[in-house]
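Here is a protein model to read with some care.

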Amino acid sequence: MISRKEVTVPEPYQNYVNKAASDDLLKSLNSSTKRLWKLIRTISKKKVDYAYATDKWTIKELLQHIIDAERVFVLRALWFARRDPSPQPSFDENIWAANAAVADRKWKNLVEEFLALRAANMLFFASLSDEQLTRSGTASNKVLSTAGLGFICAGHLEHHLDIIEERYLAKPAKKKKKKKK
């Protein structure tokens, strides 16, 4: 399996890669999934429709955004792993959020959808050879590797879990453990 140190991602995505819990892609995806599962069990039904400020997403809308973004990232990874040379377009998360009709969705269904999606995505990344994981392509006019997109999935979830804890649940940010040298 390709290490986080070997991936290609443009600067705007590097923060997500850095937030991944491990240099191992599958461990990072698994770790962020466990963290989500642990956190969502602490969120009351009343809180899922809460936004911490005007013009900010509710927790439900944020989870829908995570689902949408992960679908896009993994589609790109599949595209690149299969060597399709066509560039992938960008997507406007705010347009997607405005058209997701999340208010009509049940929290339980959103959670189940994410967990099923993440399980499928982990199987996908586990099925790829190192050579497929190092393949790259263009999305949003930037070059990314297949494995880089996997680390982006893990780190994107970690990023939003930090936001939920800090801004929606008023918990202090999770401190990353320093690695021993």
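A polar contact is a pair of N or O atoms within 3.5 Å; within protein, one must be able to donate a hydrogen and the other to accept it, and residues adjacent in sequence count only if both atoms are side-chain atoms. This is a predicted model, in which local features need pLDDT of at least 70, side-chain atom pairs count only at pLDDT 80 or more, and totals for chains, interfaces and linings use all residues. Residues are numbered from 1 along each chain as its sequence is written, and side-chain values use heavy atoms, with hydrogens and water left out.

Q: What makes the link between the side chains of Ser 32 and Arg 118 a polar contact?
A: The distance does. The cut-off is within 3.5 Å, and the side chains of Ser 32 and Arg 118 are joined at 2.7 Å.

Q: Which side chain makes a polar contact with the side chain of Arg 35?
A: The side chain of Asp 162 does, at 2.7 Å. Arg 35 is in helix H2. Helices (H or I, at least four residues) and strands (E, at least two) are DSSP runs, numbered from the N terminus.

Q: Why is Arg 35 called buried?
A: Buried means under 20% relative accessible area, exposed over 50%, and partly exposed in between (1.4 Å probe, protein chains only). Arg 35 has 13%, so Arg 35 is buried.

Q: Is Ser 32 buried or exposed?
A: Ser 32 also lies in helix H2. Its relative accessibility is 0%, so Ser 32 counts as buried.

Q: Which residues is Ser 32 in contact with, leaving aside its neighbours within four places in sequence?
A: Contact means heavy atoms within 4.5 Å. By that rule, Ser 32 is in contact with Arg 118, Ala 154, Leu 157, Glu 158 and Leu 161. Cys 153 is 121 residues from Ser 32 in sequence, and their C-alpha atoms are 9.1 Å apart in space.

Q: What makes Asn 30 partly exposed?
A: Asn 30 is found in helix H2, residues 25-40. Its relative accessibility is 31%, so Asn 30 counts as partly exposed.

Q: Is Lys 27 buried or exposed?
A: Lys 27 lies in helix H2. At 56% relative accessibility, Lys 27 counts as exposed. Lys 27 and Met 122 are 95 residues apart in sequence, yet 9.6 Å apart in space, C-alpha to C-alpha.

Q: Why is H2 called roughly antiparallel to H5?
A: Look at the angle. Axes are lines fitted to C-alpha atoms, for helices over the stretch in contact, and angles run from 0 to 180 degrees between N-to-C directions. Angles under 35 degrees count as roughly parallel, over 145 as roughly antiparallel, 65 to 115 as roughly perpendicular and the rest as oblique. The axes of H2 and H5 (residues 107-127) cross at roughly 170 degrees and come within 10 Å. That makes H2 roughly antiparallel to H5.

Q: How do you know that H3 and H7 are roughly antiparallel?
A: H3 and H7 (residues 146-168) pack at an angle of about 170 degrees, with their axes 8 Å apart. H3 and H7 are therefore roughly antiparallel to each other. Residues making the contact include Ile 59, Leu 62 and His 65 of H3, and Thr 146, Leu 149 and Ile 152 of H7.

Q: How do the residues of the contact of H3 with H7 divide?
A: Ala, Val, Leu, Ile, Met, Phe, Trp, Tyr, Cys and Pro count as nonpolar, Asp, Glu, Lys and Arg as charged, and the others, Gly among them, as polar. The contact of H3 with H7 has 15 nonpolar, four polar and two charged residues.

Q: What makes H3 mostly covered?
A: In H3, 18 of its 23 residues are buried.

Q: Is Asp 55 buried or exposed?
A: Asp 55 lies in the loop between H2 and H3. Its relative accessibility is 75%, so Asp 55 counts as exposed. Asp 55 is not a glycine, but its phi is positive, about 65 degrees.
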